[in-house]
Amino acid sequence: MNRIIVISMCLLGTGCRYDGKSLSWEGLELVANRFFILPVCPEQLGGLPTPRPPAKIETGDGFTVLDGKSRVLTVEEKTDVTPNFIKGAEEALRIANLFRENVKAVILKEKSPSCGVKSIYNFKSDSLKPGKGVTAALFIKNGYRVLSSDELEEIKKL
Ligand code: SF4
């Protein structure tokens with residue numbers, strides 16, 4: 001039986017976000033009592049510190065980055081953190097793959113350049129655009145069912 005949910009670690013309230021703050025997620029109760037939770041934070045797994053400078057995908061989305069046609073840059077200094085984002089996505093996938101047969105779904109934090117599923121931020125503004133983060137794209141490429149943290153109705157049905 002598929003009883004594991006791979007989940008963005010910050011959705012559990014841990015302070016792994018770029019700003020070191022924690023958040024509460026209304027969907028946690030929907031999965032916590034029914035599944036074994038396997039938390040991953042791709043940006044930490046990619047070797048980035050917490051807190052860390054905010055970063056965005058330069059053009060396109062996570063798929064574009066995985067194709068080598070775009071980069072992930074920090075917003076202020078424009079430091080290229082693409083290798084960290086790709087390594088973190090690969091590490092998260094590697095961990096999930098250890099339990100692959102039992103993974104029901106992957107739930108990732110919306111709007112993040114790693115974990116966004118439906119939308120990510122435009123590089124040059126605070127507006128959102130449709131697209132995937134790097135980790136979301138890699139999980140999708142590898143055949144996992146990936147849900148956004150905003151898709152509470154779908155999460156209820158798991
Ligand atoms: Fe880590 Fe993803 Fe949460 Fe960012 S959105 S803090 S990369 S788990």
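1. Lys111 lies in the loop between strand S5 (103–108) and strand S6 (119–121); strands are DSSP runs (E) of at least two residues, helices (H or I) of at least four, numbered from the N terminus. Its phi is positive, about 80°, although Lys111 is not a glycine. With a relative accessible area of 33%, Lys111 is partly exposed; buried means under 20%, exposed over 50%, partly exposed in between (1.4 Å probe, protein chains only).

2. This is a predicted model: local features need pLDDT of at least 70, side-chain atom pairs count only at pLDDT 80 or more, and totals for chains, interfaces and linings use all residues. Residues are numbered from 1 along each chain as its sequence is written, and side-chain values use heavy atoms, without hydrogens and water.

3. Lys78 also has a positive phi, near 60°, in a residue other than glycine. Lys78 is in the loop between strand S4 (72–74) and H4. At 44% relative accessibility, Lys78 counts as partly exposed.

4. Helix H4 covers residues 82–97. Its 16 residues should span 22 Å at 1.5 Å a residue, and the end C-alpha atoms are 22 Å apart, which agrees; the expected span is 1.5 Å times one less than the number of residues.

5. Which residues of H4 are buried? They are Thr82, Phe85, Gly88, Ala89, Ala92, Leu93 and Ala96.

6. The peptide bond from Thr50 to Pro51 is cis, with omega near -5°. Pro51 sits in the loop between helix H2 (42–45) and strand S3 (55–57).
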